[in-house]
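Visitor: Please walk me through the inside of this protein.

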Amino acid sequence: MAAALVLALTGCEESVPAAGGGKASGAPGKDLQGAVDPSRPPVSLDPTGLMNALPIESQVGDVMVGGDPFLAQGNDAVEYCVDEESIDCVDVDAVAGKDMEERGDSSDTRVEFRLYSFETVEQAKAAMKAQVDDWRKADAKSGGRWQQKTVDSGADETEAVRDDEADVDVVVMRLGTVVSHIVALDVLPDNVRHAAVVQASQVQAAAMVGSGGH
């Protein structure tokens, strides 16, 4: 997931067939239309909720297969964040992740999901900003190949970029105290958006269960 690794990837013309899956009907911190509701607490997930918020293969695409999800907490989460994102995120509580690939040896299609949980919204905002700033610096050094994209995911904040030469999309979202990072290799734009919507909905749904929502 580090910028140098992403910039080195190459892809072909396969794509992820988007499966069905809509947004959650509501989420802590937002009303039904997605507007911020100050009377509701921000999205927050404990380690169990973080694992439950990872998408399953059928939600992303009907030909996707995936490995086992992982979870890191405490110092292990901090070390993972530094190693993978190359930023200092000492406030991270837990990290969960899962990778998916398209079935078949001839396909390069791959989607990586990572979720980072923090104690406060401010910590999550700071981590997301540091992550995006780090990518922009790395991109400037490589010649400016990233193109800014718009992805309407339903999250509180979303940053999305694409490298056409490597056929890689990166989407970073913040939902309350949770930061999501998606790397999509050899995936069509509509299916990148679909993956982001699925991930945002999963985080919202897991937060509702954790807070006793319905």
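Guide: A cavity is a set of points, on a 1 Å grid over the protein atoms alone, where a 1.4 Å probe fits but cannot get out; its lining residues have an atom within 4 Å of a point. This is a predicted model, in which local features need pLDDT of at least 70, side-chain atom pairs count only at pLDDT 80 or more, and totals for chains, interfaces and linings use all residues. Residues are numbered from 1 along each chain as its sequence is written, and side-chain values use heavy atoms, with hydrogens and water left out.

Visitor: Which element gives the most residues to the lining of the largest cavity?

Guide: The lining consists of Cys-81, Glu-85, Ile-87, Tyr-116, Phe-118, Ala-127, Met-128, Gln-131 and Val-179. Two or more of these residues come from each of helix H4 (74-85), strand E4 and helix H5 (121-142), where helices (H or I, at least four residues) and strands (E, at least two) are DSSP runs numbered from the N terminus. The top contributor, with three residues, is H5.

Visitor: How much space lies in the largest cavity?

Guide: The whole structure holds three cavities of 30 Å³ or more. A volume here is the space filled by probe spheres set on the grid points, which are joined across faces, edges and corners. For the largest cavity that space is about 40 Å³.

Visitor: Which residues does Val-203 touch, not counting those up to four places away in sequence?

Guide: Contact means heavy atoms within 4.5 Å. By that rule, the partners of Val-203 beyond four places in sequence are Val-43, Leu-45, Ala-53, Leu-115, Leu-175 and Val-178.

Note on methods. On a 1 Å grid over the protein atoms alone, a cavity is a set of points where a 1.4 Å probe fits but cannot get out, and a pocket is an open set with protein on both sides within 12 Å along at least five of seven lines; lining residues have an atom within 4 Å of a point.
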